[in-house]
Amino acid sequence: MLINSKQVVKPNNLLIQLVLKTYWVLCLSFLLVVLPNLAIAQSTAKPVSSIGFYYGAIDSVRELLAYERVVVNAEAINERQLAQLKQAEVQVYAYLSVGERSEVLAGISSGAKVLGENLAWNAAIMDLTDTRWQQAITTHATKLVEKGFDGLFLDTLDSYQIALDADQISNLVERNRAWEAQQQALIGIINQLFDIAPQLILNRGFELLVAGKTTKDNQVGGLHQKPLAVVAESLFKGYDAANDLYFNRTPDDTAWLQQQLELVQRLGIETIVIDYVSSQQWPTALQERIELAQQIMAMGHTPYVSNGLLTEFGVSTFYPVARRVLSFFDSEMLLKKQSDCHRFLATLVEYQGYVPECMDIHQLDSFSFDPSRYAAVVYWLSQSSFEQTELQQFVEERLASAAVPSVFIGELPDSDALLQQLGVKRKGDYKGKLTILGAEAKYRLPASEIQPIARYELATKDVTASVTLVDDYDQQGIGILKTEWGGIVAAPLEVQEMLGDRLRWTIDPFMHVLPLLQLQTIPVPDITTESGQRILTAHIDGDGFPSKTWTGDGIFAGQSVLDNILKPYKLPHTVSIIEGEIAKHGLYPKDAAELERIALAIFSLDNVEIASHTFSHPFFWDDRVSVQEKMYGDSLAIPGYEVDYDREVFGSVSYIRKLLTNGNIDKPVRVFLWSGMADPTAEIIKKTEQLGLLNVNGGNTYVVNSNFSIAQVYPHLNWHTDAIQVYAPLMNENLFTELWSENFHGFARAIESFKLLGEPRRYKPVGIYYHMYSGIYPASIKALQDVYDWALQQPLTPLYLSDYAIRAKSLYETGLARSITDERWRVISTGVRSLRLPAVAAVSDSVYGLAQGPDGYYGSFIPPHAEIWLADSSRMVSDTLPRPLLTSANAMISDWRYSPAQQQWAVRGHSYVPLKLSMAAVSGCELLLPDDAQGLLELTMINQTARTWQLVSEQAGEFAFRINCAVDASS
């Protein structure tokens, strides 16, 4: 809560005004005489960095990442979110009400004296001279700093002035005495807070900066040190909280406040101005906020313009780009992970660089729509779901406001009122077979005799359907309708289920569906690519480890995979075991010693990271999912055991750690691989996170040449507000072998999958994923070898699955911001390291690589920041690039640092395979290798031209070099 500045900018009593005017004139005279002689003085204060003030609920930090500094309610942000922001180098300040009692402080300030009441905010104004209140403030501040906040934002510093105005105390002498006592107490509190949290931002408190004697350069007034900044509200536009009204400040009010801010600037303190603009007329309001922020910035202040309650994401020197696409599911019919919005829409939204948000319609009663975070709203529901009252009201409001596009896919509401808002009317059902006009049907449309298909016609002549459906009786209906408010993709043009569990979009969703969302072109955070090349991962579920091979030697499958795959193919692998399959207390106690020996031999390999695949391999992780037939029971039939998810997670990891200790292997368990249906709840996912593990599996992506549709490509993640499940890039050999029942060479067709998922759009990395039982048959071993041999011939960057999971986990939590001063885009992430750019105009030094892919240019950067500019040109010509850039590498770059004085770039990285690295725009530069190369790869230059380099090494490992571009052209 910020103090209502309309009440306290200037006192109403004429005598008080005269006294204060004289006081401020004397202060100004002091500043003009003394400050020019101080070395730290400056005549103007320039905005230091962007800042956001956000007091709403925090489900994700993706928007907060857009600011370099944020002020939040400490109770609204959890430990994980705070750590994310700090990892992204965002400074986080906790809100602290000094002059008014907040809910948090009420619990620790029992008996503290109340001075008055702030009616605008319905808050008690506290007596700052009361030691009980002072103790409550400092105690709470100490806890905030201990939680990890970078500093404090001190609000309600002027509240005592409301309680001590002329209406409360008529005697001027008494009032001045009380005023002085409160002010001195406030100075004392702030000085105590400086000892606890040196980084303080003050909301107003102008008089404190000159009250008392300044004795040291870093002191101001009675304060022991300078605050980082001083905030003032409503320079041009304000907010009346009591009446929920926005208003314009008078020219006199603006001039008065600007004068106070200039006094602060003369002290060498940053000034921050918060102004208020309603979002009711979005997106016009966004432009108004940007223009107002530019005006405030031009006056030398750091701007922040948002809504009155600061529950939206506002505009500073940068502002977050709305990347969320809101859609819905009905939890009374299915779970989110089973819904159309998750299975089909999320993949499309992800590919465009946006964040799918799939909400239960039964949560709408507590939901407040914020247009500053949403780019579009999609309704993909059954007709019965639209009967829910809150959903109907939500749809009506969204259509009426037209703040963001609304798109309806599949069935439409039955409500005549809603249909009228959509501009359509129901005209019965289609009859017979359907044909399509205006688009190519990718697959045959379903016949209306099997299931009734509703027919809709336009109720207005203002728009025309771009795609029309026609039945056997020449009855026409709307297929696709594009409107100003969004559009409609009518049934049956959405995803259809065909024979053999095949899912198909009837039409091309990229051509006909996504345009209705009207999503602007943005830099796309990407997790398919590393250092300009498509990522390669390989991971193995432990299933079948004790199975005996059919190769004539009768060895265990684990040994077969070790001998035939893990040793000869030196790629990074993530390998798991099932405790109940190999431990002495599991299914095969007689073989346990040999099975554990093989497991340790695998885990000891340099190219293997360790994962758990549970204790008993549960087939089901979510009791809410109905299962008609449990073919294999709930898990492996370990005698006397019933599935316990704590035992599956904590117990299995503990077992592996003990096994490693006994085997003298100093390696951590890095990953937890879900088993069976791989459908854990958020609560179960959190168990893996408690252990510091990354979790992967699930997401049934399966495509081959004879069975391809984007409808069968799952999104990268199943995202919850408090847990994240990373899906496997591609399903395992089970689906390629009819559930391991025939054609054991079938997994070789994964090569088809990798090609389909890589071009013409790069949807997924190359993810080789299989079970230990693929080591049983000669045909299945050959299939693995074929897949690996193909992968080794491709320009891929091998990573461990944990490396990929780190990138994937941060995909939805990546911030995207735009500058208000130029065309810059800023990307902020704790894990994402690649951007897909539709066109390249320029990239900042933070982007170290550019490579052309099948669907755009891939820019590489080292988290957390990258800045780029987008333009119409789609050409990247290496000989016109302004500086050395990486074009490809089968390695991870950990440092790419530019030294302007030496005109040199220092590069460091790591490769899991023998290094291959290419660079462009190196004309006039030379390669410098480190003098002390101990522990580093030996690099060789090959295929060097005037503009390009290629560096290689025969080994994998750490490498480092410098690029010197300060070469004398005459030498």
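This is a predicted model: local features need pLDDT of at least 70, side-chain atom pairs count only at pLDDT 80 or more; totals for chains, interfaces and linings use all residues.
**First stop: helices 5 and 7**

Select residues 131-147, which form helix 5, together with residues 172-196, which form helix 7. Their axes lie 10 Å apart and meet at an angle of about 25°. Angles under 35 degrees count as roughly parallel, and helix 5 and helix 7 are therefore roughly parallel to each other. The crossing of helix 5 past helix 7 is right-handed. To see the contact, show side chains on helix 5 for Gln-134, Ile-137, Thr-138, Ala-141, Thr-142 and Val-145. On helix 7, the partners are Ala-185, Ile-189, Gln-192, Leu-193 and Ile-196. Coloured by class, this contact shows seven nonpolar and four polar residues, with no charged ones.

**Second stop: helices 15 and 17**

Move to helix 15 (residues 557-566) and helix 17 (residues 592-603). Here the axes are 9 Å apart, at an angle of about 25°. Helix 15 and helix 17 are therefore roughly parallel to each other. Which hand does the crossing have where helix 15 passes helix 17? The crossing is left-handed. Helix 15 contributes Gly-558, Gln-559, Leu-562 and Leu-566 to the contact, and helix 17 contributes Arg-597, Ile-598, Ala-601 and Ile-602. By class, the contact of helix 15 with helix 17 has five nonpolar residues, two polar and one charged.

Next select residues 645-662 for helix 18 and residues 682-690 for helix 19. The two pack at an angle of about 20°, and 10 Å separates their axes. Helix 18 and helix 19 are therefore roughly parallel to each other, and helix 18 passes helix 19 in a right-handed crossing. Display Tyr-645, Asp-646, Val-649 and Phe-650 on helix 18, then Ile-684, Lys-687, Thr-688 and Gln-690 on helix 19; these residues make the contact. The contact of helix 18 with helix 19 divides into four nonpolar, two polar and two charged residues.

**Last stop: the largest cavity**

A search of the whole structure for cavities of 30 Å³ or more finds three. The largest cavity has a volume of about 150 Å³. To centre the view on the largest cavity, select Glu-350, Tyr-351, Pro-525, His-716 and Tyr-763, the closest to its centre of the 19 residues that line it. Which elements give two or more residues to this lining? They are helix 10 (340-351) and strand 26 (524-526). Colour the lining of the largest cavity by class to find nine nonpolar, four polar and six charged residues.

Terms used. Residues are numbered from 1 along each chain as its sequence is written. Side-chain values use heavy atoms; hydrogens and water are left out. On a 1 Å grid over the protein atoms alone, a cavity is a set of points where a 1.4 Å probe fits but cannot get out, and a pocket is an open set with protein on both sides within 12 Å along at least five of seven lines; lining residues have an atom within 4 Å of a point. Grid points are joined across faces, edges and corners, and a volume is the space filled by probe spheres set on the points. Helices (H or I, at least four residues) and strands (E, at least two) are DSSP runs, numbered from the N terminus. Ala, Val, Leu, Ile, Met, Phe, Trp, Tyr, Cys and Pro count as nonpolar, Asp, Glu, Lys and Arg as charged, and the others, Gly among them, as polar. Axes are lines fitted to C-alpha atoms, for helices over the stretch in contact, and angles run from 0 to 180 degrees between N-to-C directions. Angles under 35 degrees count as roughly parallel, over 145 as roughly antiparallel, 65 to 115 as roughly perpendicular and the rest as oblique. A crossing is left-handed if the near helix is turned anticlockwise from the far one by less than a right angle, and right-handed if clockwise. Contact means heavy atoms within 4.5 Å.
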